[in-house]
Amino acid sequence: MTLRAHTILIGLRGSGKSTIGRLLARTLAIRFVDLDDRTPGVLGCRSVADAWQIHGEAAFRMAEIAALSSVLAEPACVIAL
């Protein structure tokens with residue numbers, strides 16, 4: 001059995017985390033998760049903009065923590081924060 005750890009990409013908005021993350025995940029043959037795709041769902045929203053507008057920054061940041069905790073409990077993947 002091969003054990004793998006999550007690979008987490010951090011950086012400024014628009015810096016290429018998602019682009020590089022998809023390429024890296026493909027190279028490593030593991031899943032790619034963009035936290036911006038997961039976080040709105042925690043708040044019952046369809047987009048980051050909707051979640052931010054409806055619930056505000058504090059709730060959005062708490063939802064990010066919940067989404068990240070959930071992803072970290074899953075099998076190893078590349079995660080764009």
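Which residues does Cys77 touch, not counting residues up to four places away in sequence? Cys77 touches His6, Thr7, Ile30, Arg31, Val33 and Val71, a contact being heavy atoms within 4.5 Å.

This is a predicted model, in which local features need pLDDT of at least 70 and side-chain atom pairs count only at pLDDT 80 or more, while totals for chains, interfaces and linings use all residues. Residues are numbered from 1 along each chain as its sequence is written, and side-chain values use heavy atoms, with hydrogens and water left out.

Cys77 also belongs to the largest nonpolar core, together with Val33, Leu35, Ala67, Val71 and Ile79. Such a core is a set of buried Ala, Val, Leu, Ile, Met, Phe, Trp, Tyr and Cys residues joined through side-chain atoms within 4.5 Å. Buried means under 20% relative accessible area, exposed over 50%, and partly exposed in between (1.4 Å probe, protein chains only). Helix H3 and strand S3 (77-80) each give two or more residues to this core; helices (H or I, at least four residues) and strands (E, at least two) are DSSP runs, numbered from the N terminus.

The whole structure has 4 salt bridges, each a side-chain nitrogen of Lys or Arg within 4 Å of a carboxyl oxygen of Asp or Glu. Three of them are listed here.

| Pair | N to O distance |
|---|---|
| Arg31 and Glu74 | 2.9 Å |
| Glu74 and Arg38 | 3.0 Å |
| Glu57 and Arg61 | 3.6 Å |

Arg31, Arg38 and Glu74 are linked in a network of salt bridges. Glu74 is partly exposed, with a relative accessible area of 24%. Glu57 and Arg61 are 4 residues apart in helix H3, so about one helical turn separates them.
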